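Have a look at the chain below, and keep it in view as you read. We will go through it one group of residues at a time.

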Amino acid sequence: SKTDQFVGPVINRQNRSVVQTLFGSFWNIILWPMRVAYKIVQTLFQFALTLFFSPGPPTQRQAGQEVERFITEFDNKHGVLHPRLYHGTYREAVSHAKRHLRFLLVYLHNEDDPTSVQFANNVICYESSEKCGGG
């Protein structure tokens with residue numbers, strides 16, 4: 001009769017998802033050390049590449065172009081009411097200040113930082129700072 005035949009274990013969807021979850025968790029535990037080792041080797045390799053194949057410091061021409069680009073962008077975003085910005089590299093600005101016995105104010109600006117933008121708008125680009133900075 002049909003009731004005497006063995007059909008096998010009944011696996012429904014819920015049992016299948018439990019088995020898949022357990023197998024996936026077990027597999028993740030087995031592979032975790034290999035993933036960590038891979039990330040360590042990858043990071044060390046990338047670091048070694050930057051040591052041996054870094055582009056190096058910018059040339060004088062590239063630095064000058066970068067300064068001009070920054071000054072143009074700064075003027076466009078924050079206006080021209082600010083102390084005069086030096087058109088040259090940091091080293092040139094220090095030499096110029098020494099030669100003319102003048103103070104040198106160095107400001108590091110990060111356009112992605114909201115506090116830098118606020119500082120530029122509210123302090124540097126303020127009428128009295130233009131007069132103090134010899135703008």
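At 42% relative accessibility, Glu66 counts as partly exposed; that label covers the range between buried (under 20% relative accessible area) and exposed (over 50%), found with a 1.4 Å probe and with protein chains only. This is a predicted model, in which local features need pLDDT of at least 70 and side-chain atom pairs count only at pLDDT 80 or more, while totals for chains, interfaces and linings use all residues. Residues are numbered from 1 along each chain as its sequence is written, and side-chain values use heavy atoms, leaving out hydrogens and water.

**A charged network**

Which residue forms a salt bridge with Glu66? The partner is Arg69, and the closest N and O atoms are 2.2 Å apart. A salt bridge here is a side-chain nitrogen of Lys or Arg within 4 Å of a carboxyl oxygen of Asp or Glu. Side chains of opposite charge can pair when their charged atoms come close. Glu66 and Arg69 both belong to helix α2 (residues 60-78), where 3 residues, about one turn of the helix, separate them. Helices are DSSP runs of H or I with at least four residues, strands are runs of E with at least two, and both are numbered from the N terminus.

Arg69 also meets the side chain of Glu73 in a salt bridge, at 2.7 Å from N to O. Arg69 and Glu73 are 4 residues apart in helix α2, again about one turn. Through these shared partners, Glu66, Arg69 and Glu73 join into one network. A search of the whole structure finds 2 salt bridges.

| Residue | Relative accessibility | Class |
|---|---|---|
| Arg69 | 38% | partly exposed |
| Glu73 | 33% | partly exposed |
| Gly64 | 27% | partly exposed |
| Leu49 | 35% | partly exposed |
| Leu101 | 79% | exposed |

**Aromatic rings**

The structure holds 2 aromatic pairs. One of them joins Phe70 and Phe74, with 5.6 Å from centre to centre and 40° between the planes, so the pair is tilted. Rings of Phe, Tyr and Trp (its six-membered ring) pair if their centres lie within 6.5 Å; planes under 30 degrees apart count as stacked, over 60 as edge-to-face and the rest as tilted. Phe70 and Phe74 both lie in helix α2, 4 residues apart.

Touching, or contact, means heavy atoms within 4.5 Å. His109 sits in the loop between α3 (90-99) and α4 (114-124). The side chains of His109 and Tyr107 are joined by a polar contact of 2.7 Å. A polar contact is a pair of N or O atoms within 3.5 Å; within protein, one must be able to donate a hydrogen and the other to accept it, and residues adjacent in sequence count only if both atoms are side-chain atoms.

Gly64 lies in helix α2. Gly64 and Gly88 are 24 residues apart in sequence, and their C-alpha atoms are 5.9 Å apart in space.

Leu101, in the loop between α3 and α4, has a positive phi of about 50° although it is not a glycine. Most residues other than glycine have a negative phi, and most peptide bonds are trans.

**The surface and the whole chain**

A nonpolar patch on the surface is formed by Phe45, Phe47, Leu49, Leu51, Phe52 and Phe53, with about 740 Å² of accessible area together. Patches are made of residues with over 30% relative accessible area and no salt bridge: like charges are joined within 9 Å, and nonpolar side chains (Val, Leu, Ile, Met, Phe, Trp, Tyr) within 5 Å. Accessible areas come from the Shrake-Rupley method with a 1.4 Å probe; for residues, only the protein chains shown count as cover. Leu49 has its place in helix α1 (residues 13-53).

The chain has 5 helices and 0 strands. It exposes about 12000 Å², with carbon and sulfur atoms supplying 63% of that area. Buried residues make up 13% of the 135 residues. Of the contacts with a separation of 6 or more, 52% come from residues 24 or more positions apart.
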